[in-house]
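Open the model in your viewer and switch to a cartoon view. Keep the sequence panel at hand for selections.

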Amino acid sequence: PIAGADQEAVLELTVEEAYRGGKRQISLDGRNYGVNIPAGVIDGQRIRLAGEGGRGSGDGPAGDLYLRVRIKPHPRFRLDGRDVTVDLPVSPWEAVLGTTVAIRTPGGEAKVKVPQGSSTGRRLRLRGEGMPNPRGAAGDLYAEIKVMVPPKPTARERELFEQLAATEEEAEAKLPISKLPRRGGPGCWGPGRTSTSRSTSASRS
């Protein structure tokens, strides 16, 4: 007797499906299969369906069918193994003053504290809020700050920004050239600060 050959097929999942796992019915080459998807399955991982591969000859056992997971691109979540990155839009005043905001995660919603003086590109780490891991520690979620300037500021907003600009210009006029802030570097609203915060409080609601 000769054992049947192992076979492989692709199983496409959304980020949310990969996070939750669960049972799913799939159809391949006219045959239906019941698949138990582990919670937190990652891209490239294989799921084994024993005895569902090629038929053996004589009394040989059938081979196995392996489903290779392919996680579809997501408009919000970016995956790197079990770690998840998501953009976190904040207003200029929230970036300057700090705030606590709710963000969407693959498992629901969590709250993240934005420190004072945050700039675009800063990554805030929410430990254990990434993809689950049945055999160990879950991945982390990184909220990447994007400071959003009002495209059409109101008259009051424009007035306040002009007051802020005048205050900054007055302060900079008193500084020597060596002490002037570097535009585009740390401390400005645009890209330049990419440090990861050491600890960020997160709570699921």
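Start at D29, which counts as exposed because its relative accessibility is 83%, over the 50% cut-off. This is a predicted model. Now look at the backbone here: D29 has a positive phi of about 50°, yet D29 is not a glycine. For context, select the strands on either side, β2 (22-28) and β3 (31-37). D29 is found in the loop between them.

Next, the three-stranded sheet. Select β1, β5 and β4; the open sheet runs in the order β1-β5-β4. Its pairing is mixed. The edge strands are β1 (7-13) and β4 (46-49), and each pairs on one side only. Direction ignored, neighbouring strands of this sheet are turned by 30° against each other on average.

Zoom in on β1 and β5 (residues 65-71). They pair in the parallel sense, over seven bridges. Which residue in β5 stands opposite L13? Pick I71.

Now move to the four-stranded sheet. Select β6, β7, β11 and β10; this open sheet has the order β6-β7-β11-β10. Here, too, the pairing is mixed. Colour the edge strands, β6 (78-80) and β10 (123-126). Each of these pairs on one side only. From one strand to the next, the twist averages 30°.

Last stop: β10 and β11 (residues 141-147). This pair is antiparallel and spans four bridges. Select R123 and find its bridge partner in β11, E144.

Notes
Residues are numbered from 1 along each chain as its sequence is written. This is a predicted model: local features need pLDDT of at least 70, side-chain atom pairs count only at pLDDT 80 or more; totals for chains, interfaces and linings use all residues. Side-chain values use heavy atoms; hydrogens and water are left out. Two strands pair if DSSP finds at least two bridges between them. Helices (H or I, at least four residues) and strands (E, at least two) are DSSP runs, numbered from the N terminus. Axes are lines fitted to C-alpha atoms, for helices over the stretch in contact, and angles run from 0 to 180 degrees between N-to-C directions. Buried means under 20% relative accessible area, exposed over 50%, partly exposed in between (1.4 Å probe, protein chains only).
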